[in-house]
Every structure is written in C-alpha cells, then in structure tokens.
Amino acid sequence: MKKTFSLACQFAVLGAALSVATPAAAQDLAITNVRIVVGTGSVIENGTIVVRAGRIASVGPGAVSPANPQGVTVINGAGMTAVPGYIDGHKHVNAFNADQMRSLLEAGTTTVLSGGGPAEQNLALAEHINKGEWIGPRVIPSGTVSLRQTPAEARAAVQALAKMGVKQTGEIGLTPEPAPPQAEMETLKAIVDEAKKAGVQVNVHAVSSPAMAAAVDAGVTRLVHLPNKDFTSYEQAEKVAQAGSIVAGLIAFGAPNIDRLSAASAAVQWPKDNQVRFRDGKPWPEAIAGANRDAKGRATGTEAGYTIVNARRIWDADPMHNTMSYSTDQNADDLVVLEHELKSFSIVFSAADLFKIIGPNSARFVGMADQIGSLEVGKLADILLLDGNPMERDGIYTMLKAKVVMKEGKILVDKRAPAAPVTRAGK
C-alpha cells in the first residue's frame, strides 16, 4: 500500500531536521492561511507565501495550489502574521558571541549593520554567521574612520576599508554643540568624497540639529541618530528630506523605564522600586550619556522628548516618508531593547508606519533595498511569523512574539508547539 504523510508528519520531520541541522538548509516552503504584512503598506488578510531557493517566489491572497504541492514543506500560518525580518541599522555587535547573535535573531532581527569597532572584528563576526558556525542575523560589517585625522589620512582609511571588502564606515561622531568645528567638516568632506569613489557608505553620528544639518551639507545621506540636544526646525528637517538622507531612529535614547523593562522577557528585570532608570539601569536622567543639563548642571531628561518630536518632524518633511529608519544602539536583552524602541515609536507612528520604518526604509539605510525589507517576489526570504495581529491596537507587543524566524529560506528559530505524533495513512 502506498503510504502518505499528513501535514502533522511534515511538521515533525521539519522539527527533527531543524534540531540536527547546523547550519539549517534552505527549503522550498509554502506558508499558507497567514496574514501577510508586505511592508509596502498593503496587508493580505489571508494568503500564501511560496519560498524557493531562499527567495520569495510568490505572495498573494488565497491558499497554496495544489493544497499539498510535491517537494514543498507546507506551514499552516493560521493565527499568525508574516512580516519581513527586522533590520537594525546601527548596533555595536563586533564583540558579540554566539549566544548573543542567536538571541538577536530570536527577537526577530535578521539583518544588522555593525555600528563600530575594528573592521577585522566585524569581518570575523560576519564570517562566523556566513559559514554557519553561529546562528544569527546577517551581519553587515563596518570599519573605523576618524575625524581626528587629516583629510589625506581619512581618505587613506576609507580606501583601506574598501580593499578589505568593508563597504560601511562605523559611526563618525560630529561635535554636537554649538556646531561641528571647521576642521571636522573638512575631514568629513574628504571622507564623503573618497567614499563615493570607493563605494563605501558613510554613517555619521550627529546628535544635534546643527550637526545633522552640517553633515547633510557635507553630502552625508546616512545619519545614525536622531538629534537629542534640541528640537529640529522645519527647515532642517526639509534639508534632510531634500538631500535624500535618512535617519536611523534611536528614538528611545532618552526614554526612561520604571519598575520593569519588559513584559516579554524575564532576562532583564530591574528592581521594582518605583525609580525611573536610563536604558543601562542607572538613575534617569542623570545617567544619560552626554545628558542635557540646565544652568545649575542638573540633567533635564529632555532627550526623551526631543527625539520623539524630531522623528515625526523629519518623517513629515518627506511626502514619501523615506527619511526615518530603525536602529537600537543598545545591548540589553534583545526583546527588552525591541520593546523599549517600539514603545517610543508607537507614540507618533502607526503600525503601518512602523513596518515601513523597520522594513523598506531600514533596508535602504543599510544598502539592501533590492534584497530585503518587504515580502515581495524576488527578495530574500527573511520572514517572521508573529503570534497574532500586529496591526491591531497595542500591536507592538505582537511584534515581540516571533514564533518562527526565517533567513534566506532557512528556518533558524521555531517556537511553535511541537507537532502531533507522526502517523501514516492506512495505519
């Protein structure tokens, strides 16, 4: 008698394969009965995504046809939502170990641009992931280029990165107040000019509105922090938009926490003592790095308000809303970090906005807009299956519940309930 396998059997076989495969192999998959947040603004309430050879082969409403296609693993996505893998455009991961990289992936981050550190260290980290020695997100390496060099030395540093195959600078810090000095700007202009020749992206840390505007005037299109020293004017926001520049969030930099950091994770739980804390667990606002202070030297905590207002102003300056992307720049528990950022974003952005920011806009920030950031045909199959509907009220908490994390068609994290026992037809 010919024996056939049920869908439950397929899940069991898949689970067994995942438990022994390192690295996991890309599979031909069909995710069906699933809500699909494409990332471009459209939502398919019940549809199917087909993945072949690590890329999205089709996406659309309705069920897979035929219902059980040969050679394709079918995942029933009922009750879940498929969204693009999260993209973090600025996080210092160069010294991360295997456990830290896996934790980042389990939180839903499938791509991260390293924010700094030695190029050699970043390349080594990316190699661990690429070879399958560690399970983690795609790592885009960067390398250091300092403004404390002559323009000629800075040009040489850019060329050295390019020869190593590193296509991103780490964050280049401009003096925020009262404004960057002329010597810094001359070196920055040399870096930008040389980077264009070498095919290297320049990422600049500008945490005041004057510094941000100066960076844009120098030709910088990637800004890794929102201004947290002052309110950005309409004119400064328009300058960012007109230049085609984009800011990688860090909206929650100054936002305090109280009693607990996260309902999603018990890994980081500070004392419930009714004390407000900075993101490192120390007292807020005094512990804010480079805290804004009043005339008596007291930390004011205004960073929390400036970033939220500035994010919306910079977003609104561009009718296409391409000016804001996502980054974290903090290394607490990864779900804690994600929740902290999403809480601040949700004050001034809708769920649809959030998926544009953390998806297509962040893909553009890291230079991979044609490869990741949305669930469209031809793109890499970086897909999260979330438990619930992130488009509903309080959907940011659904964004913390990645049940399945897929990168390039490989299921690297699977937190679904175990499949039913294997049964065979005729038994």
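Tutor: Strands S17 and S18 run antiparallel and are joined by 4 bridges. Keep in mind that this is a predicted model.

Student: Which residue in S18 is the bridge partner of Met 406?

Tutor: Ile 411 is the bridge partner of Met 406.

Student: And how many residues sit between the strands in that hairpin?

Tutor: The hairpin of S17 and S18 has 2 residues between the strands. Glu 408 takes a positive phi there, near 50°.

Student: What does Glu 408 form a salt bridge with?

Tutor: Its partner is Arg 138. The closest N and O atoms of the pair are 3.0 Å apart.

Student: What sheet are S7 and S8 in?

Tutor: An open sheet of 3 strands, in the order S6-S7-S8. The pairing is parallel.

Student: Which strands stand at the edges?

Tutor: S6 (86–91) and S8 (138–140). Each has a single partner strand, so one side of each is left without a neighbour in the sheet.

Student: How are neighbouring strands turned against each other?

Tutor: By 20° on average in this sheet, direction ignored.

Student: New topic, helices. How do H4 and H5 cross?

Tutor: The axes of H4 (residues 151–164) and H5 (residues 182–198) come within 8 Å and cross at roughly 30°. Angles under 35 degrees count as roughly parallel, so H4 is roughly parallel to H5.

Student: Is that crossing left-handed or right-handed?

Tutor: H4 passes H5 in a right-handed crossing.

Student: Which residues make the contact?

Tutor: From H4, they are Pro 151, Ala 154, Arg 155, Val 158, Gln 159 and Ala 162. H5 brings Glu 186, Thr 187, Ala 190, Ile 191, Asp 193, Glu 194, Ala 195, Lys 197 and Ala 198.

Student: How do they divide into nonpolar, polar and charged?

Tutor: The contact of H4 with H5 has 8 nonpolar, 2 polar and 5 charged residues.

Notes: Residues numbered from 1 in each chain as written. Predicted model: local features only at pLDDT ≥ 70, side-chain atom pairs only at ≥ 80, totals over all residues. Heavy atoms only, no water. Axes fitted to C-alpha atoms, helices over the stretch in contact; angles between N-to-C directions. Parallel < 35°, antiparallel > 145°, perpendicular 65-115°, else oblique. Left-handed = near helix turned anticlockwise from the far one by under 90°. Contact = heavy atoms within 4.5 Å. Nonpolar A, V, L, I, M, F, W, Y, C, P; charged D, E, K, R; others polar. Pairing = 2+ DSSP bridges. Salt bridge = Lys/Arg side-chain N within 4 Å of Asp/Glu carboxyl O.
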